[in-house]
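Here is a short briefing on one protein model. It covers a salt bridge, a helix pair, a cavity and a pocket.

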Amino acid sequence: MKTILSGVQATGKMHIGNYLGAMKPWVDWQNQGRAFFFIPDLHTLNVRPDAETLRGNIYDTVAWLLAVGIDPRKSTIFVQSRVPAHAELCWILQNYVTMGELNRMTQYKDKSSKRGADGQVVALYTYPVLMAADILLYSADIVPVGEDQKQHVELTRDIATRMNNIYGDCFVVPEPALPQVGARVMSLTTPTIKMSKSDANQNGNIMLADEPKVITKKIKRAVTDSGSTIELSDDKPAIANLLQVYAGFSDMSVPEVANKYAGVGYGTFKTELAELVVEQISQLQMDYEVIRQDKKRLDDVIEEGSQRAAGIAQKKLNGIKQKIGLT
Ligand code: TYM
């Protein structure tokens, strides 16, 4: 049986890129093996969130996971900081990765270039090593992520292979799995950059918590390319992105959506796209509101999942410590 593992940061604020690129596919993945979905709250510390905000965001994020359909009877849902083995393995792995490798991580280059010297914390630099620990502790075969995380999973493969070569069978070498649709959802205002919660222009992203009228407004204002009718083409990145969003929410392929709307005006397409997105997100929001109120249920899910995860992770860590001579 395959092991599947992925995580979404504890910001509590997910956009449709996170949803289409990761969380929605996870709902299918959980039926295809032994699944782990977790909140990497230690990773989130690199932006130094306010303590009370972080505490609330962890609950928000777990509630969203349940709302989109991650089922704790099928998947282990846990919080990273409740499993001490992550930080310990991260320290060990740091000895098997070079600064040269970390310097090549595009997300690090991108994020650190946007921050002042004070924001360029060491944890942002070593972030991919903690991610490798997350993945390797559970012997994950498959890591379903959006495109921006692929390079981190590839680094994890390199670290695992390196340690396997030195010590013999330490780790399963994981594969990244990108969804067919939605692996890279772009900003609605600047379709050359990916949709992101830290986008200075909040009209560029659609958050799962946005009100229907806000979603509709953002879609209507989304930039379009030259021309006036729908056509799938390399020189129309804005339309390609909107077609991708439609495909993601309708479970159609991008060419199918392009066919359905071939020759239709941008205005009509955007109206129908907004209706589709609003209908689906409204349903998720209703489920989210009910789940988020039930703190006892969320505590139970976190507690049970984290205990199960901790047992598996500790066993793996003990084996590695033995192999490398710490015990
Ligand atoms: P995070 O929280 O930034 O994003 C969660 C997931 O959403 C995907 N994603 C996107 N997909 C499509 N289009 C976009 N515009 C878009 N933006 C984000 C991400 O690729 C991701 O799959 N480092 C990770 C969390 C993490 C993790 C792990 C993931 C920590 N440890 C171990 C897998 C395995 C992150 O910051 O994701």
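**Salt bridges**

Arg 162 and Glu 101 join their side chains in a salt bridge, with 2.7 Å from N to O. The model is a predicted one.

- This pair ties together distant parts of the chain, 61 residues apart.
- Arg 162 sits in helix H9, residues 150–167. Glu 101 sits in helix H5, residues 99–103.
- The count of salt bridges comes to 16.

**Packing of H11 and H13**

- Two packed helices are described by the angle between their axes and the distance between the axes.
- Helix H11 spans residues 237–250, and helix H13 spans residues 266–293.
- Their axes lie 10 Å apart, at an angle of about 35°.
- The crossing of H11 and H13 is left-handed.
- H11 brings Ile 239, Leu 242, Leu 243, Val 245, Tyr 246, Phe 249 and Ser 250 to the contact.
- H13 answers with Tyr 266, Phe 269, Lys 270, Glu 272, Leu 273, Leu 276, Val 277, Gln 280 and Ile 281.
- By class, the residues of this contact are twelve nonpolar, two polar and two charged.

**The cavity**

- How many cavities of 30 Å³ or more does the structure hold? There is one.
- The largest cavity holds about 50 Å³ of space.
- Its lining consists of Gln 107, Tyr 108, Lys 111, Leu 124, Tyr 127, Pro 128 and His 152.
- Helix H6 (106–114) and helix H8 (127–136) each give at least two residues to this lining.
- Which helix supplies the largest share of the lining of the largest cavity? H6 does, with three residues.
- The lining of the largest cavity comprises four nonpolar residues, two polar and one charged.

**The second largest pocket**

- The second largest pocket has a volume of about 410 Å³.
- Its lining is made up of 21 residues.
- Pro 25, Asp 28, Pro 179, Gln 180 and Val 181 are the lining residues that lie nearest the centre of the pocket.
- Helix H1 (16–29) and H11 are the elements that give two or more residues to the lining of this pocket.
- H1 provides the largest share, seven residues.
- The lining of the second largest pocket divides into 13 nonpolar residues, five polar and three charged.

Technical notes:
Residues are numbered from 1 along each chain as its sequence is written. This is a predicted model: local features need pLDDT of at least 70, side-chain atom pairs count only at pLDDT 80 or more; totals for chains, interfaces and linings use all residues. Side-chain values use heavy atoms; hydrogens and water are left out. On a 1 Å grid over the protein atoms alone, a cavity is a set of points where a 1.4 Å probe fits but cannot get out, and a pocket is an open set with protein on both sides within 12 Å along at least five of seven lines; lining residues have an atom within 4 Å of a point. Grid points are joined across faces, edges and corners, and a volume is the space filled by probe spheres set on the points. Helices (H or I, at least four residues) and strands (E, at least two) are DSSP runs, numbered from the N terminus. Ala, Val, Leu, Ile, Met, Phe, Trp, Tyr, Cys and Pro count as nonpolar, Asp, Glu, Lys and Arg as charged, and the others, Gly among them, as polar. Axes are lines fitted to C-alpha atoms, for helices over the stretch in contact, and angles run from 0 to 180 degrees between N-to-C directions. A crossing is left-handed if the near helix is turned anticlockwise from the far one by less than a right angle, and right-handed if clockwise. Contact means heavy atoms within 4.5 Å. A salt bridge is a side-chain nitrogen of Lys or Arg within 4 Å of a carboxyl oxygen of Asp or Glu.
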